[in-house]
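Let's take a friendly walk through a protein model. Have a look at it first, and then we will go through some of its contacts together.

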Amino acid sequence: MNSIKNVPARVLNRRPGHSLEAEREQFDKTQAISISKAINTQEAPVKEKHARRIILGTHHEKGAFTFWSYAIGLPLPSSAILSWKFCHVLHKVLRDGHPNVLHDCQRYRSNIREIGDLWGHLHDRYGQLVNIYTKLLLTKIAFHLKHPQFPAGLEVTDEVLEKAAGTDVNNIFQLTVEMFDYMDCELKLSESVFRQLNTAIAVSQMSSGQCRLAPLIQVIQDCSHLYHYTVKLMFKLHSCLPADTLQGHRDRFHEQFHSLRNFFRRASDMLYFKRLIQIPRLPEGPPNFLRASALAEHIKPVVVIPEEAPEDEEPENLIEISTGPPAGEPAVVADLFEQTFGPPNGSMKDDRDLQIEALKREVEMLRSELDKIKLEAQRFISQLKGQVNALEAELEEQRKQKQKALVDNEQLRHELAQLRAAQVEGERNQGLREEAEKKASATEARYNKLKEKHSELVNTHAELLRKNADTAKQLTVTQQSQEEVARVKEQLVFQVEQVKRESEMKLEEQSDQLEKLKRELEAKAGELVRVQEALSRTEQSGSELSSRLDALSADRDELSRVVQQREADLLAAQSLAREKEAALSQERQRISQERDELQGRLADKESQEQGLQQRLLDEQFAMLRATAAEAERILQDAVGKLDDPLHLRCTSSPDYLVSRAQAALDAVSALEKGHAQYLTSRADASGLVAALTRFSHLTADTIVHGSATSHLAPTDPADRLIDTCRECGARALELMGQLQEQQALLQARPGLVRTPLQGILQLGQELKPKSLDVREEELGAMVDKEMAATSAAIEDAVRRIEDMMNQARHASSGVKLEVNERILNSCTDLMKAIRLLVTTSTSLQKEIVESGRGAATQQEFYAKNSRWTEGLISASKAVGWGATQLVESADKVVLHTGKYEELIVCSHEIAASTAQLVAASKVKADKHSPHLSRLQECSRTVNEMAGNVVASTKSGQEQVEDRDTMDFSGLSLIKLKKQEMETQVRALELEKTLEVERVRLGELRRQHYLLAGAVGTPGEEEPSQPSATPRSGTKKPPLAQKPTVAPRQDHQLDKKDGSYAAQVVN
């Protein structure tokens, strides 16, 4: 038996390539089947198995290229349910597909947006949901492309969130706003779905309700992560920014919190979600971001997807999503082998082929088993993820409880420490209270002793206190005011002197008594000498005298002690008086200094206020002087225009001059008022400056337009107008000079400028075109008259062309007859087209009048819209004149007296005139009017017929004109050179003539425009009356004369305005 290693190399090279192509084809087929089954028009939810195969396909090819290649061909605009399911599948692919799906979907954002906009404009229930869903998908794609740290499934750790937010508060702020927008889109979709569902019945068990509710599973998964991230970011923002700055963020979060909580609650109550997803419950109230410790109370909401039932799968279709080749691949490989090496000998296969087929069958079995193992592994991984999420949630809850317990333990420890400290403080206070009681008892005993001594002292000094009562009263009065101190001092001095006198008197009395006693003692001693015998008898009297003497000595000592005490009290009173006097003098000195300082500051303030007032006056006058200087320059520039030769080509209308002069007169009144106000209060020059600015501009404008108007006026009025403008400029400049000087400001008289301005106004009114006034009743008749005259001119032109054609047939033959007939036929067709255009224009005109006049008459409507009426008259005149000129030119061409170029120019003129008539009729016509559509069609027909006239004229000219054949025989080289030079000279002359004629044509057109815009004056040629009968000849008849209307301001047109007749321009 041959080994498999002996297979030819070229077979080995071909077979793998074919196998990959078959695998790719089978993969594409499987994806197409899954996409078609998942995204269809049936109002039922997308089956999970089809969505899973599409998601596995994105992981298989590492992108969503195949998905988009089939999805882009779906008829999404034809069915709203189809678009809704497409958005659902795309949402699942974005969440669970390969990471490269996000970049592939970026290329098709415009398609998603177009689908949403299309269904958003239609009134369809699913269409409105599709519009909101597409906005959510676009927001999701944009967010994850901008922040690649967040996968499309929004499942990241807190460390990744911290890294994505960074340390810059601006980035955190912006990221929070973007997550708020993301959450708004999610919640808006859920609210729209619930709004369309009738919650009173079990809509979640119906296929139509499940079709709408199925995408909310992905919305719930997204919202749980977004809620957790926004809570984290909000706490981080509140740790960096003040609370007032984030008030808007808190309000928006609270609104989203209540909407999300309501959404989760309603979804949890539905039976459809209970078997598909485990929805978390949010707390009753939002987190308190103003309290940093509230972050520890936050619990991350975790969404758990339960294990899917195995009966929902289709095991027989699992092979479709495998990467292995189909069952028919061995036959294809065998065919390729036979094509390469030819058919085998007999009907027996080679051992290598059998071995290859056996190996392929084994590979297919292994691949199918591998796919089943992958699916089981994926299902097991999903289950493990759900369990991990549940365990993480439980762990997170345990962690929060632990953190809360730690916080409570810390609070209890703190309270215990406070209680212990309070107990120690109570014990210490108890000891202090006992010591205080002991001290209080000792103090009370001492107080009793002191009280006894104090009572003795009070009794002892009661008499002295009574004697010093007056002095104490005087001392208290001295403390109240300094003025009483001197009086008290005098009283005290008087009392002291009185006390001294009393003491001296007592001392004198005592001294007298002592002297008397001495004398008595001497007498007694003499008597004692004399009566020594009676000494024993007098011992008693001697002892009495000694006792009396001792008492007198004690009285003397007491008096001396009282005197000393009085002197000490007097000294104390004098020292207190001196202290009070010194304090009073210091207070007076301080008050005097403060008064001087305040007076100095007041003087400074007054001088500063005067300086500021003067500065304000100077600044106001400087502003006025600068404004007057600028106004003087403006007026000087305007006066300079009167003698400027470049200004001679500028023209203006009397109507505009009158309007400018009237505005300047109003500005003079405002200037007088502002001048009076400034003279009354020079601290405010704003009114005068504003009036002066307006006056200078309007006066300069009046002078310039007066000069421009004089260029079109007759000589005498023009000279008077120029002189009046000069006088106005001179007086205005004189006024500007007075306003720039302080001394001349009072003598300034702005009213002097009013006289020349009134003169300019009067001259402008005199220069108004008197001959162009038409009565209201004549203006309406003139329109009908001109339209009738135009129709008559066209009818006459058609008749004349027919006569000319009959004459040409009798007078000419051959080529000339053919040329003349072709030209006249084209002219006849042109005249018929013009006649139809005039008829249609008349019908449209009647329709405009009937729809726009209301209750007014036809003449009143024409008078009210005089400008439009005059344009209509001018256009109809131009059409009639063009038809007349075309007939005259055709007559000359037929008679060989005219030029073919005249006929071509007349055709161009007719095309332009009909365009003018169409434009004049289109101004006031309704854009949906059938007459307007027919008029535009007739205008295009006229242009086409005019082109035919030009073409037939040019072709006829080429046929009729003789072309001389150049004969160079008999010409020598010198003669040829000479003729060549003559031909070059002739060519240069013709080019020069052509250039001169073009310049002349430009000047003629320019002069025509000037005359057309100028206002007619009495010195010019009087306009002819319009006539309905055209005249023959080369001169333009009155029918063809184009009217010019003097320009008027729109605000000057009212019911009483007159109408302007046409002005002839020859």
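A salt bridge is counted when a side-chain nitrogen of Lys or Arg lies within 4 Å of a carboxyl oxygen of Asp or Glu. The model is predicted, so to speak of local features a pLDDT of at least 70 is needed, side-chain atom pairs count only at pLDDT 80 or more, and totals for chains, interfaces and linings use all residues. Residues are numbered from 1 along each chain as its sequence is written, and side-chain values use heavy atoms, leaving out hydrogens and water.

Let's begin with charges. Side chains of opposite charge can pair when their charged atoms come close. Across the whole structure, a search finds 29 salt bridges. In one of them, aspartate 181 meets arginine 252, with 2.4 Å from N to O. This pair links distant parts of the chain, 71 residues apart: aspartate 181 sits in helix H9 (residues 169-196) and arginine 252 in helix H12 (residues 247-268). Helices here are DSSP runs of H or I with at least four residues, numbered from the N terminus.

How open are these two side chains? Buried means under 20% relative accessible area, exposed means over 50%, and partly exposed is in between, using a 1.4 Å probe and protein chains only. Aspartate 181 is partly exposed at 33%, and arginine 252 is partly exposed at 24%.

Another salt bridge joins arginine 590 and glutamate 587, whose closest N and O atoms are 2.2 Å apart. These two residues are separated by about one helical turn because they are three residues apart in helix H18 (residues 535-640).

Now for the rings. A pair of aromatic rings is described by the distance of the centres and the angle of the planes. Rings of Phe, Tyr and Trp (its six-membered ring) pair if their centres lie within 6.5 Å; planes under 30 degrees apart count as stacked, over 60 as edge-to-face and the rest as tilted. The whole structure holds 17 aromatic pairs. Tryptophan 68 and tyrosine 108 are stacked, because their ring centres are 4.5 Å apart and their planes lie at 10 degrees. Tryptophan 68 is buried at 1% relative accessible area, whereas tyrosine 108 is partly exposed at 22%.

Phenylalanine 235 and phenylalanine 289 make an edge-to-face pair, with 5.0 Å centre to centre and 65 degrees between the planes. Phenylalanine 235 is buried at 8%, and phenylalanine 289 is buried at 4%.
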